[in-house]
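Dear colleague,

I am passing on the structure we spoke about, and I would be glad if you could read it alongside the notes below.

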Amino acid sequence: MAATLGPLGSWQQWRRCLLARDGSRMLLLLLLLGSGQGPQQVGAGQTFEYLKREHSLSKPYQGVGTGSSSLWNLMGNAMVMTQYIRLTPDMQSKQGALWNRVPCFLRDWELQVHFKIHGQGKKNLHGDGLAIWYTKDRMQPGPVFGNMDKFVGLGVFVDTYPNEEKQQERVFPYISAMVNNGSLSYDHERDGRPTELGGCTAIVRNLHYDTFLVIRYVKRHLTIMMDIDGKHEWRDCIEVPGVRLPRGYYFGTSSITGDLSDNHDVISLKLFELTVERTPEEEKLHRDVFLPSVDNMKLPEMTAPLPPLSGLALFLIVFFSLVIFVFAIVIGIILYNKWQEQSRKRFY
């Protein structure tokens, strides 16, 4: 599906997208951040809300910082510039991230990411890319594009460097997605292939026009599209049904460089709540979940850790264990004495 965006300078205009899926009609009317308007009437008693200032980010980047009062927190080498937020500079061994402090409780949403990746490195001499996150934990630095391994939630990766030397069917940069319940590790040596939901080639480095990525989550359906050709159209990348994501997770983006590097810049993050009609049967089917999963994809089960014992509970366990132990010793002594007595009677 391709939805025309119109001239790049008119990102503030309405755009209408009618989708038909599973026999139900879904109306998406998107108003991008520039207008800053509140809830908008879209007809027939329905409202579309530009969502929401606490979940979206754009110039002049107010509310971004390291303090507890900021809506967006910086981590590592990330820094706020006039026209963008730079996650990592074009330097070796840098790591940076940007995380929303407010958890998102939407059922159906769309996140539009305006980004730019550029640097001095030539072909296959640049890296490593950036990631967009919707995860349970935030501000956890690690090896997966600057975020923790074994995360819980959704990760979308714009990978600019092929680590797997012998693979030939892929052209990098490459976009892929992964859903994790905390049990899986991202395989760097194979560019995440064992755990990816899907992917596509995305030539996004050193372009002279804007590049965009959209992540849409509607009715357990994950869709990822991109506008990276300067044609102002969304182009399909990944589409996966049966994706179950809990509510109350955090949005973020991160990046990392190693021996190779690039500038990884985020220009805007814009979140929209989508108005979706559900039948009573769909309401039952789409109840809240508590752990990320994907239908028809087996994720290793996570065993919840046992809660710590209270002082009283620990005392009772020790006390009754001692009572049982003493009782067992007494019974053993009684039985031993009876056995000895019967043995003496047999010899007289």
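This is a predicted model: local features need pLDDT of at least 70, side-chain atom pairs count only at pLDDT 80 or more; totals for chains, interfaces and linings use all residues.

Residues are numbered from 1 along each chain as its sequence is written, and side-chain values use heavy atoms, with hydrogens and water left out.

To begin with the rings, there are 12 aromatic pairs, where rings of Phe, Tyr and Trp (its six-membered ring) pair if their centres lie within 6.5 Å, with planes under 30 degrees apart counted as stacked, over 60 as edge-to-face and the rest as tilted. Tryptophan 109 and tyrosine 134 form a tilted pair, at 5.4 Å centre to centre and with 50° between the planes. This pair links distant parts of the chain, since tryptophan 109 is in strand S11 (residues 109–118) and tyrosine 134 is in strand S12 (residues 129–135), 25 residues apart; strands here are DSSP runs (E, at least two residues), numbered from the N terminus. Tryptophan 109 also forms an edge-to-face pair with phenylalanine 251, at 5.0 Å centre to centre and 85° between the planes. Because phenylalanine 251 lies in strand S20 (residues 250–256) and tryptophan 109 in strand S11, this pair ties together parts that are 142 residues apart in sequence. Tryptophan 109 and tyrosine 134 are both buried, that is, under 20% relative accessible area with a 1.4 Å probe and protein chains only, and phenylalanine 251, at 3% relative accessibility, counts as buried too. Ring pairs link Trp109, Tyr134, Tyr217, Tyr249 and Phe251 into a cluster.

As for the disulfide (a pair of cysteine sulfur atoms within 2.5 Å), a search of the whole structure finds one, and it joins cysteine 200 to cysteine 237 with an S to S distance of 2.0 Å. The torsion about its S-S bond is about -105°, so the disulfide is left-handed. Both cysteine 200 and cysteine 237 are buried.

Turning to the cavities, each is a set of points on a 1 Å grid over the protein atoms alone where a 1.4 Å probe fits but cannot get out, and lining residues have an atom within 4 Å of a point. The largest cavity holds about 130 Å³ of space, a volume being the space filled by probe spheres set on the points, which are joined across faces, edges and corners. Its lining has 16 residues, of which Arg107, Tyr217, Arg220, Leu245 and Arg247 lie nearest the centre of the cavity.

With best wishes

Technical notes: On a 1 Å grid over the protein atoms alone, a cavity is a set of points where a 1.4 Å probe fits but cannot get out, and a pocket is an open set with protein on both sides within 12 Å along at least five of seven lines; lining residues have an atom within 4 Å of a point. Helices (H or I, at least four residues) and strands (E, at least two) are DSSP runs, numbered from the N terminus. Buried means under 20% relative accessible area, exposed over 50%, partly exposed in between (1.4 Å probe, protein chains only).
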